[in-house]
Amino acid sequence: MRLKNKTALITGGTSGIGLATAKLFIAEGAKVAVTGRDDAVFERVRAELGEDALILKGDVRSLEEMNAIAAVIKEKFGGLDIVFANAGLAARSPISDINDKLFADIMDINVKGTVFTLQSMLPQLRKGASFIMNTSFVAQTGQHNISLTAAAKAALRSLARSWSYEFLDRQIRFNAIAPGGIDTPLHNKLHQSSEEARHFKNEFAKFVPVGYMGKAEDIAYAALYLASDESSYVVGTELVVDGGASQL
Ligand SMILES: NC(=O)c1ccc[n+]([C@@H]2O[C@H](COP(=O)([O-])OP(=O)(O)OC[C@H]3O[C@@H](n4cnc5c(N)ncnc54)[C@H](OP(=O)(O)O)[C@@H]3O)[C@@H](O)[C@H]2O)c1
């Protein structure tokens, strides 16, 4: 029970990495709230997380909606020890394909969403809280056709440093996790067909030094470490969890 008596918010906790992390945090004793936009999946998520979890609808790009979520958390939890700012989006596109919509989607969900998550939850964050960002291995090196996503994730990595400094007096720690290719529903959303998604995943696995894509649980365990008091001396850093993809 590494998170006994702790409360946690996970944005984008209705699928993939966020959902796996919510399950692990609950198993480790935390009270957990998750958010997502599509309430059609909430019943299935409730079945997976159990009756005690808070499942809240909201878009991280809307400060108004995030403030409403903060009000529910204040009422139900009385404060927060952990935030996993996980909601995000990635897209491969050459520079010639970047338009207003793609630029806004990538920058707003990843960067504005994380800024609004902090702004709205700040009054609820307890002394010693852990705030974790979800970045990506694509910002560790130069890679083909993914510059916009890499830039958005690099901005988050920078914010982890700046905010750690800014909130030293409240002893709030900001750290990031940089996942490699993780087999989640995200990849199905990014491809036209399940056949195309399967082909991408097979090809991707060949590029990873360990020879396979990661599982959502691989990132959940990294989040558990950064959320727990075991990492209390870890401040403003980024933990790369990518099967060696950006390091070897
Ligand atoms: N999978 C990978 O290979 C990989 C690699 C590196 C980094 N990451 C990062 O890991 C994070 C999670 O990705 P995943 O693979 O778990 O994706 P996923 O399975 O598609 O889950 C994304 C979650 O975020 C929510 N979400 C998306 N946009 C949102 C918004 N504007 N407001 C609130 N919630 C929103 C989604 O719910 P709704 O759609 O209902 O809102 C869903 O719960 C992202 O930040 C992603 O960039 C993933």
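The model is predicted, so local features need pLDDT of at least 70 and side-chain atom pairs count only at pLDDT 80 or more, while totals for chains, interfaces and linings use all residues. Residues are numbered from 1 along each chain as its sequence is written, and side-chain values use heavy atoms, leaving out hydrogens and water. Helices (H or I, at least four residues) and strands (E, at least two) are DSSP runs, numbered from the N terminus.

**Arg2**

- Arg2 counts as partly exposed because its relative accessibility is 35%; buried means under 20% relative accessible area, exposed over 50%, and partly exposed in between (1.4 Å probe, protein chains only).
- Leaving out residues up to four places away in sequence, Arg2 touches Glu28, Leu224, Tyr225, Ser228 and Glu230, where contact means heavy atoms within 4.5 Å.
- With one of these, Glu230, the side chain of Arg2 makes a polar contact of 2.6 Å.
- A polar contact is a pair of N or O atoms within 3.5 Å; within protein, one must be able to donate a hydrogen and the other to accept it, and residues adjacent in sequence count only if both atoms are side-chain atoms.
- Arg2 and Ala152 are 150 residues apart along the chain, and their C-alpha atoms are separated by 31 Å.

- Ala30 is in the loop between H1 and strand S2 (31-36), and it is buried because its relative accessible area is 9%.
- Ala30 touches Leu3, Lys6 and Phe25, not counting residues up to four places away in sequence.
- Asn134 belongs to strand S5 (residues 125-134) and is buried, with a relative accessible area of 6%.
- The side chains of Asn134 and Asn86 are joined by a polar contact of 2.8 Å.
- Beyond residues up to four places away in sequence, Asn134 touches several others, including Ile17, Phe84, Lys153 and Pro179.
- His187, in helix H6 (residues 186-189), is buried too, at 10% relative accessible area.
- Apart from its neighbours within four places in sequence, His187 is in contact with Ile182, Ala197, Phe200, Lys201 and Met213.

**Helix pairs**

- Two packed helices are described by the angle between their axes and the distance between the axes.
- Axes are lines fitted to C-alpha atoms, for helices over the stretch in contact, and angles run from 0 to 180 degrees between N-to-C directions.
- H1 (residues 16-27) and H2 (residues 42-49) pack at about 30°, with axes 10 Å apart, so they are roughly parallel to each other.
- Angles under 35 degrees count as roughly parallel, over 145 as roughly antiparallel, 65 to 115 as roughly perpendicular and the rest as oblique.
- Leu19, Ala22, Lys23 and Ile26 in H1 meet Arg44, Val45, Glu48 and Leu49 in H2.
- These contact residues are five nonpolar, no polar and three charged; Ala, Val, Leu, Ile, Met, Phe, Trp, Tyr, Cys and Pro count as nonpolar, Asp, Glu, Lys and Arg as charged, and the others, Gly among them, as polar.
- The axes of H4 (residues 100-121) and H5 (residues 147-166) come within 9 Å and cross at roughly 15°, so H4 and H5 are roughly parallel to each other.
- Among the residues making the H4 and H5 contact are Phe103 and Leu118 of H4 and Leu148 and Trp163 of H5.
- The residues of this H4 and H5 contact divide into 14 nonpolar, three polar and one charged.
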